[in-house]
Amino acid sequence: MTKASLKLSVIIPSYQSQDNLGRNLAAQTDQLKNVDAEIIVVDCSPTDEVDQICAAFDGVRLIKVAERFNPGGGRNIGAQHANGDYLVFVDADVVLKHDALENIAKHACSSEAGSQMFGGALDLDMQSDPNLSSYIEHYYFNHESQSSRTPSIRSNLSSALMIVEKKLFDSVGGFSDIPRMQDTELTERLASDGIQLGFFPDVVGYQIQDSPLKKVFRKIYITGNNLFFLRYGSRDSFLKKLVLALLLPLMMLAKITRINIRNLRYAASLRMIFVLCPLMYACGFTWMLGFYKALFAGDGIASGR
């Protein structure tokens with residue numbers, strides 16, 4: 001496959017994304033003159049603000065869905081309508097850097113490790129005037145995705161900026177229909193099947209983090225709950241669950257310390273050292289509570305987003 005013949009299908013799942021979608025589409029449509037790409041917005045909003053935004057941009061195709069979907073479900077719908085060789089999954093709150101689509105095409109056409117499925121860097125968008133909640137959310141969830149890092153092979157990728165060959169995506173049935181952590185489930189499933197997952201930091205997206213603090217901690221709690229079912233299952237014996245419960249505080253401390261080390265290495269600042277690093281342990285405690293809930297309640301993947 002040559003660069004001239006490769007086509008990209010950018011897929012954006014949307015639910016009431018009108019506050020951020022305009023910047024997202026403006027950044028992408030500016031790049032269409034340099035790459036062969038289509039942009040597909042899959043929207044399940046009950047109002048028409050998203051429709052109007054999409055209509056203002058040439059090269060944007062809107063697929064309207066009446067029933068609200070989980071983000072992975074929206075991505076699957078977009079993939080079914082895509083005509084490209086590679087699917088570029090981008091969240092509505094991610095603004096691509098001016099050369100992102102060109103760099104995606106470059107990696108997709110190469111024979112380098114991880115070029116069949118890869119992720120890009122997610123830097124915090126500074127134009128949206130981030131607050132403390134923004135920094136907490138970004139550095140908790142995106143600690144592996146800084147643009148200052150080097151290319152590597154990963155064990156999982158973020159669907160906020162994920163690229164995958166369409167043939168591969170179709171062959172594995174796409175994303176599972178779960179409210180959160182669809183990306184973890186899909187990419188870890190593929191990694192276990194021997195697919196190399198690349199990370200290329202020259203593919204950059206600026207993520208707008210505007211969730212209130214309560215919602216950020218809710219997301220962290222849900223990821224703790226869901227991770228138990230995705231990685232450990234729910235049929236272990238009581239003894240195994242008890243051992244896991246006793247080890248969980250140590251697991252949390254190791255997890256958060258690893259997050260802090262990565263953030264200090266690649267995004268060090270006084271704010272990081274004196275504010276964000278300590279707050280990451282509060283995030284870890286919240287994650288641990290969600291994990292304990294899964295361990296002892298055993299009521300499955302959380303339905304909340």
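Tutor: A residue counts as buried under 20% relative accessible area, as exposed over 50%, and as partly exposed in between, with a 1.4 Å probe and protein chains only. This is a predicted model, in which local features need pLDDT of at least 70, side-chain atom pairs count only at pLDDT 80 or more, and totals for chains, interfaces and linings use all residues. Residues are numbered from 1 along each chain as its sequence is written, and side-chain values use heavy atoms, with hydrogens and water left out.

Student: Is D129 buried or exposed?

Tutor: D129 is found in the loop between β6 (117-124) and α5, where helices (H or I, at least four residues) and strands (E, at least two) are DSSP runs, numbered from the N terminus. Phi of D129 is near 55°, a positive value in a residue other than glycine. Most residues other than glycine have a negative phi. With a relative accessible area of 66%, D129 is exposed.

Student: Is M181 buried or exposed?

Tutor: M181 is placed in the loop between α6 (166-171) and α7 (182-192), and M181 has a positive phi of about 70° although it is not a glycine. Its relative accessible area is 12%, so M181 is buried.

Student: What separates the C-alpha atoms of Q127 and Y206, which are 79 residues apart along the chain?

Tutor: Q127 is found in the loop between β6 and α5, and at 68% relative accessibility Q127 counts as exposed. Although Q127 and Y206 are 79 residues apart along the chain, the separation of their C-alpha atoms is 9.3 Å.

Student: How far apart are the end C-alpha atoms of helix α8?

Tutor: Helix α8 has 20 residues, 213-232, and the expected span of a helix is 1.5 Å times one less than its number of residues. The helix should therefore span 28 Å, and this agrees with the distance between its end C-alpha atoms, 29 Å.

Student: At which residue does α8 bend?

Tutor: The bend at a residue is the angle between axes fitted to the seven residues ending there and the seven starting there. Among the buried residues of α8 are I222, T223, G224, N225, N226 and L227. A bend of about 25° in α8 is found at N226.

Student: Which helices do the buried residues of α8 pack against?

Tutor: Contact means heavy atoms within 4.5 Å, and the buried residues of α8 include V216, K219 and I220. The helices that the buried residues of α8 pack against are α5 (132-141), α9 (238-267) and α10 (270-297).

Student: What is the orientation of α5 and α8 to each other?

Tutor: Axes are lines fitted to C-alpha atoms, for helices over the stretch in contact, and angles run from 0 to 180 degrees between N-to-C directions. The axes of α5 and α8 come within 9 Å and cross at roughly 20°, with a contact made by S133, I136, E137, Y140 and F141 of α5 and L213, V216, K219, I220 and T223 of α8. Angles under 35 degrees count as roughly parallel, over 145 as roughly antiparallel, 65 to 115 as roughly perpendicular and the rest as oblique. The orientation of α5 and α8 is therefore roughly parallel.
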